[in-house]
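Biologist: Let's go through the labels on this one together. I'd like to hear what stands behind each of them.

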Amino acid sequence: MSGAEERLLYQDGQLTITVRAAPGAPDVTLMGEVDATNSPALAAALASCRRQDAYVDVDTGGLTFVDVSGLRVLAMPTLPPSQRWIRLHNVTPYQRRLLSMMGWYHQPRTDNLPA
């Protein structure tokens, strides 16, 4: 996405969330750690990027840690698949393993998880 301006959505001592305009949906990048202390801020930041009838594409490759509270924000397990509006990219092996352990690995809006 050359030429797209990156904007800081949130930053604390553990997590940085940035967004840049992408065709059709925001491109959100997460760097650092997500846990119970900042998962509400993650949820709010992602909600602020939501557009009608479009996914929010989220790059999780820069996360070094994510707990269950963060996974719940990202995987949206309480919503039917047709209502989930977050699509994950660059999912790490650690994240894949956690999603699999939670039974959330099969969700179709995750671009690089095995079916």
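Modeller: H1 passes H2 in a right-handed crossing. Bear in mind that this is a predicted model, where local features need pLDDT of at least 70, side-chain atom pairs count only at pLDDT 80 or more, and totals for chains, interfaces and linings use all residues. Residues are numbered from 1 along each chain as its sequence is written, and side-chain values use heavy atoms, with hydrogens and water left out.

Biologist: What makes H1 roughly parallel to H2?

Modeller: The axes of H1 (residues 39-49) and H2 (residues 68-75) come within 9 Å and cross at roughly 15 degrees. Angles under 35 degrees count as roughly parallel, over 145 as roughly antiparallel, 65 to 115 as roughly perpendicular and the rest as oblique, so H1 is roughly parallel to H2.

Biologist: Why is the contact between arginine 87 and aspartate 57 called a salt bridge?

Modeller: The rule asks for a side-chain nitrogen of Lys or Arg within 4 Å of a carboxyl oxygen of Asp or Glu. Here the closest N and O atoms are 2.7 Å apart. Arginine 87 sits in strand E5 and aspartate 57 in strand E4, so the pair ties together parts 30 residues apart in sequence.

Biologist: How do you know whether aspartate 57 is buried or exposed?

Modeller: Buried means under 20% relative accessible area, exposed over 50%, partly exposed in between (1.4 Å probe, protein chains only). Aspartate 57 has 14%, so it is buried, whereas arginine 87, at 27%, is partly exposed.

Conventions: Axes fitted to C-alpha atoms, helices over the stretch in contact; angles between N-to-C directions. Helix = DSSP H or I, 4+ residues; strand = E, 2+ residues; numbered from the N terminus. Left-handed = near helix turned anticlockwise from the far one by under 90°.
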